[in-house]
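Below is a short exchange about how the terms used for a protein model follow from computed values.

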Amino acid sequence: MTIDLQLLRVLLLGNFVLGLVFVYYLFNNRKRRAATSLIVLFGGLLIWLLADIIQVWTPANPAPPVGIPLRMVGADITIIGLLLFAVEYTGREGVIRKRVVALLSMKPVLSLVVVLTPSLDRLLEIATPETVAQGYEFVVTPFFIFHVSYNWILTAVAIAVLLRMLVKGMYGNQRQLFVVLVAVSIPIGCNVLLRLGLIRLDLTTAAFFVTATGLMYATFRLRLLDALPIARQTVLAEMDELVFVLDETGVIVTANDAATDRFGDERDLSGTHITAVLGSDAATIQSSGDQKVDIITKIDNKQRHFTVSQTTLTDNYEMVVGQLLVCRDVTERVHRERELEELNTRLKLSLNETDTGVWEWDPDTTTIVWDEASERLFGYGPGEFPGTVDAFASRVHEADFSAVQDAIDTAVETGEDFRTDFRVEPADGKQRWVRARGVVETDDSNTTIRVIGIQTDITDFVEQRQALERKNEQLDRFAGMISHDLRNPLTVAKLRLELAQKEFGSEDLNAVQDAHDRMETMIGDLLTLAKTGETIDATERFSFADIARDAWKNADVGDCEFETSIPETVDIVADRDRLLHVFENLYRNAADHNETTVTVRVGLLNEHEPATDWSQQPGFFIEDSGHGIPLKQQANIFEEGYTTSSTGSGYGLSIVHDLVEAHGGDIRVSNGPGGGARFEVTGFKLTTE
């Protein structure tokens, strides 16, 4: 027996014993990562080793056939286990489905059939040269070439998967991965040397002694089976959250696609410290010990807010091996919360400034909930309101409570908004007016669950309205006095004046007649002025050209002439009687303030510009051909009592200004292109529809 053969026997036996120990350990830890594939790998190796052990301990010629099927099948199972280990170790087990495993299993079955079927003995031939230490070798037949090629292809795929992870730095523990690669590469290297004729002994199976030692080292010292799982792409790719797996030092082991996409490029984040990605705040994640931490970082120079949930990863020996970070982008939520906080602040300020309180009523329990502002409105101190209907009713004026109760009942029955105004009588005796508004909330069965709303102190508003009503009544009495108490004596005076003029014909009596006419004009203007401040409640649509002509007929303008360029198709929406006053006063103003007769022209502003919709025109103008109005007078011309005429009342243009504003319009004065006075009116609705 040669030294080479003795050494081979020792290596095979030692490797077989270590393989059994390792398989036993793996079987007891079969639920841990990559344990199943390693059991397949070492199970095939033990079969392969057993075939070689049988052969080297019985080196008779011809070679015992029992080792042949074991060797072929053992080699096939070993290589399949190696491939399964590679994909499982790198987190790619999703690509190896049951159908793929079934296809891979067909090769060991095929090898067994070929070896054990006598009629197929030509597919696999064995030679027994004396130079071979094992006592036999395979003849290079087509099936043997297929057998070797098949196993080499699977081996190459497994090595490529592991190398890709090593080259791209996909795994934080590079030392562990390097040991695994070396362990699985040594027996492959021995087989290559044998095929190239560089060595005499087939050390392929014996070299797995090194493989077993390397994998055991990685398992017990480098925590192979307890290491952090490599990115489970089928899970991580579907997550919207950013997921980072860190090692003990905070270096990123892997990150999902969402994390890579969020940080702006396609670079692999593996090997980068977490603070380089999430910013300096990420350092607090490891040091705080909290399971959830809020951090702020910048992405594309914009601040982003994240809520980071962390899980500490430990092995079976309770040793910390890293962290799992799940980062949820809550930037939009933070912005919404800030906006809501700002709105709440503004609401509080608004409620405080307007003396408004918030209330809520539960119809089931008849409980009323008030804030401090509501308690203050009803004369209660903070927290004093007992929240009952009786306590509320005790502060409401008895004449108003039934109306309040009817309004709330109607709102609950119809689902419409609750609206009512009522008087409050606090304990201090100072009566207040309160305006309450509320909305009805219902459940899925349309049953009212609560009514919530606001209530505002409108005492000042009510008092102002009452004061205005009193002033309007006084104004009405004033207008009545002017109409009856002044006009009646004036009529008598004018009749007596006519008789006196017929009898005496004095020039002094003509002056008295002028004074009577001035008084008549002033009485008319004062009556019009008394009504100009009233709100315009109703408007109508009518022909613009017609009202301009009708006002000309009503105005006392002597021999002045009238022109209009307003199309007959244009209508105006306004209070017709008041708009007549506007035109009449402007016509009389042109006649009274010019010594000679003038021409008064009415038209649309920008009338020379083409327009198919007259509602887009800004307004209209009234101008005369007189001498115009000096610039220093234009600023004061709409003031009450301002006049440059000895016969005017000084109220005509003031009335015009108030009537235009009552319509929501605006009037401006200037001198027209011909030098005469020009009044431009805007804000009225003009239409051809």
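Q: In strand 7, which residue is the bridge partner of threonine 314?

A: The bridge partner of threonine 314 in strand 7 is valine 320. This is a predicted model, in which local features need pLDDT of at least 70 and side-chain atom pairs count only at pLDDT 80 or more, while totals for chains, interfaces and linings use all residues. Residues are numbered from 1 along each chain as its sequence is written, and side-chain values use heavy atoms, with hydrogens and water left out.

Q: Why is the pair of tryptophan 359 and phenylalanine 418 called edge-to-face?

A: Rings of Phe, Tyr and Trp (its six-membered ring) pair if their centres lie within 6.5 Å, and planes under 30 degrees apart count as stacked, over 60 as edge-to-face and the rest as tilted. The structure holds 22 aromatic pairs. For tryptophan 359 and phenylalanine 418, the centres are 5.8 Å apart and the planes at 85°, so the pair is edge-to-face. Because tryptophan 359 lies in strand 8 (residues 356-362) and phenylalanine 418 in strand 10 (residues 418-424), the pair ties together parts that are 59 residues apart in sequence.

Q: How do you know whether tryptophan 359 is buried or exposed?

A: Buried means under 20% relative accessible area, exposed over 50%, and partly exposed in between, with a 1.4 Å probe and protein chains only. Tryptophan 359, at 7% relative accessibility, therefore counts as buried, and phenylalanine 418, with a relative accessible area of 5%, is buried as well.

Q: What makes tryptophan 552 and tyrosine 587 an aromatic pair, and of which kind?

A: Their rings are 5.1 Å apart centre to centre, with 75° between the planes, and the pair is edge-to-face. Tryptophan 552 lies in helix 18 (residues 544-554) and tyrosine 587 in helix 19 (residues 576-592), so the pair ties together parts that are 35 residues apart in sequence. Tryptophan 552 counts as buried at 14% relative accessibility, and tyrosine 587 is buried at 0%.

Key: Helices (H or I, at least four residues) and strands (E, at least two) are DSSP runs, numbered from the N terminus. Two strands pair if DSSP finds at least two bridges between them.
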